[in-house]
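Subject: Structure handover

Hello,

Here is the structure we talked about. Please load it first, then read the notes below.

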Amino acid sequence: MDETLSTTDIWEPHAPAAGALRPLYAEGLDLRVSGAATARAVGDGLVEVTADGDGDVRIEWRVPCVDATAFWTPEPRGTGWLPAAWSAPRRTGLAGGAPIAALVGTGDVAICAFAAERPDVLAGAGVVEETGEFRFWAQAAGRLTVRIDTSRRHYARCLAGLAAWWRTGREADIPDIPEAARRPAYSTWYAMHQDVSPKAVETQAALGKELGMDVVIVDDGWMTADRTRGYGHCGDWEPVSLPDTAAHVRRVHDLGVQYMLWFALPFIGKDSAAFERIGRSALADAGHMGAIVADPRYPEVREFLTGRLARAVEEWGMDGLKVDFVDWFARTDVPPVGPEADTESVDEGVELLLAGLRRRIAAVKPEAMIEHRQPYVSPGLWPYVTMIRATDCPLSPQENRQRTIDVRLAAGPVPVHADMLMWHPAEPPEQIACHLINVLFAVPQVSVDLAAQSPGQREALAFWLGVVREHIGTLQLGDLRPARPDLGYPMVTATGGGTVAVARYAALPVDVSGDDWHTLLVANADADPDVRLTGGGGTAAATVQDARGRIVRQGVVELGRDGVVPVPRGGLLTLRRP
């Protein structure tokens, strides 16, 4: 690479200047850096670079864009095409995004993957039209450390390694994940929207428990009698639609179901009493939402919000909180703070708020759960969260699949939940099964009227929730290998504990080679029933079940013959060998 190359050699209309860049070489990787910088090899094909300066510092590098197929990030609709180098950069922070990305090539290798150690980074990536290279850069104020992986391992393995790096030295700060955070859940949102009541919640919780759902999440509507889906009443958080709340929660607990409650954390509605108290401390005006975004840089705001949310656990006996809209704190156009503020940084205010909330509820219930939602997936939030949900994509199975996989690849120790599954009343059991197979490697949340489901619909739901529960160790904690991010992950594999689980979303062959499995599951979400098995040797006992869990075929399969096993859409093939 020409060592005279600088950031001015390509058109870059969106990126701010970072001063003159100078060359830096490390283990075959050509870099351009500003400020005082060092680079060191920390593994095979793995380089760590640190830059220091009084202002913004930048670390930049390029790789040949050869056999490239996709650019991956953990953000909604973040994976797929290759952006141009002049595209607008991504700004990540504690309240939005994660500083990690990968250029993926043929064979699902990572041509280059990188992550930044700090959450607040401006990062650019894209094809350099003049040279056919792919350029990465990351920029931040003061001190910046990045890890760059050019080992050409499977991209999922590279991303898992970067997520493990984030976790190093922070293990004591990250809470143990409660078992319930990995169990299927029922959510009221799509099924009820704001029409919640104790009777409705208890009815669905009871039916959900019978089908395999151990948690109920009550969403918007519990704190207002208004049903117009605005946010003007947020902030007071009085249980208007859930009278005698503690007794109601006890009745749900008596069913063997844990209870979580939704809060739109940043919003103070203009029709609320809270607006009169803290509405003057506004980070932004969300006029179209009927609310303001509270400014977490003020201790009074944090104390008020923490107290309002914590009483759900402290007074009403809830098992956790669904903390929504944290990404609304992620703003660049923030007003100057007044003398009552104790920090000028919004990210620091957000962290103080979330840390205080976590302490309060954990003091009462150490295994309390907290749900966050894409796009606030920063590793800086790991100490304050026990689950991350894919952002809303109602009735979109492929989108749910892609979003849950994207988040899982960088979520480290935190369970990833699917967006709530919903369907039309006439949906056949086969398609309900496909909804569940599309989120097989996440924790399913379901949001339909369970009392209105047909026997076939209930059977499909119970069968696949049972599969999820039985194989949590493999599906959620195993070694994840999603194939072809450029095609939206048409096949995903997880391995762990002597079990291999494969979800097939297109008419692709399934590799059954390897000596490390005793049980191999193939979930078929494609219309083509002919599942071709490749590789391996010997024999395995085969059981084929349809979308409702009914056995349709049993026998012995000879592996290594590229044989075909018919598996109906929404069905499951189970292979077992000694």
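The largest pocket is lined by 24 residues, and Arg91, Thr92, Asp120, Arg331 and Thr332 lie nearest its centre. A pocket here is an open set of points on a 1 Å grid over the protein atoms alone, where a 1.4 Å probe fits, with protein on both sides within 12 Å along at least five of seven lines; lining residues have an atom within 4 Å of a point. The volume of the largest pocket is about 550 Å³. Volume means the space filled by probe spheres set on the points, with grid points joined across faces, edges and corners.

Before going on, the ground rules. This is a predicted model, in which local features need pLDDT of at least 70 and side-chain atom pairs count only at pLDDT 80 or more, while totals for chains, interfaces and linings use all residues. Residues are numbered from 1 along each chain as its sequence is written, and side-chain values use heavy atoms, with hydrogens and water left out.

Back to the largest pocket. Strand 6 (90-92), strand 9 (121-128), strand 10 (133-149) and helix 7 (346-364) each supply at least two lining residues. Helices (H or I, at least four residues) and strands (E, at least two) are DSSP runs, numbered from the N terminus. Strand 10 gives the most, with 3 residues. By class, the lining has 11 nonpolar, 6 polar and 7 charged residues. Ala, Val, Leu, Ile, Met, Phe, Trp, Tyr, Cys and Pro count as nonpolar, Asp, Glu, Lys and Arg as charged, and the others, Gly among them, as polar.

The second largest pocket has a volume of about 440 Å³. Its lining has 25 residues, with Ala160, Arg408, Gly412, Gln476 and Gly478 nearest the centre. Helix 1 (155-167) and strand 22 are the elements that give two or more residues to this lining. Helix 1 has the largest share, 5 residues. The lining of the second largest pocket divides into 17 nonpolar, 3 polar and 5 charged residues.

Strand 22 also belongs to a sheet. In that open sheet, 7 strands run in the order 22-23-24-26-31-28-29, with mixed pairing. Two strands pair if DSSP finds at least two bridges between them. The edge strands are strand 22 (479-483) and strand 29 (551-558), each pairing on one side only. The twist averages 15 degrees from one strand to the next. Strand 23 (491-496) and strand 24 (499-504) run antiparallel and are joined by 6 bridges. Thr493 stands opposite Val502 in strand 24.

Helix 10 (455-470) lies across strand 26 (519-524), strand 28 (539-545) and strand 31 (571-576), at about 40 degrees to strand 31. Axes are lines fitted to C-alpha atoms, for helices over the stretch in contact, and angles run from 0 to 180 degrees between N-to-C directions. Helix 10 also packs with helix 3 (198-211) at about 60 degrees, their axes 9 Å apart. Helix 3 and helix 10 are therefore oblique to each other. Oblique covers what is left after under 35 degrees (roughly parallel), over 145 (roughly antiparallel) and 65 to 115 (roughly perpendicular). The contact (heavy atoms within 4.5 Å) is made by Leu207, Glu210 and Leu211 of helix 3 and Arg458, Leu461, Ala462 and Leu465 of helix 10.

One more open sheet has 3 strands in the order 25-27-30, again with mixed pairing.

Best wishes
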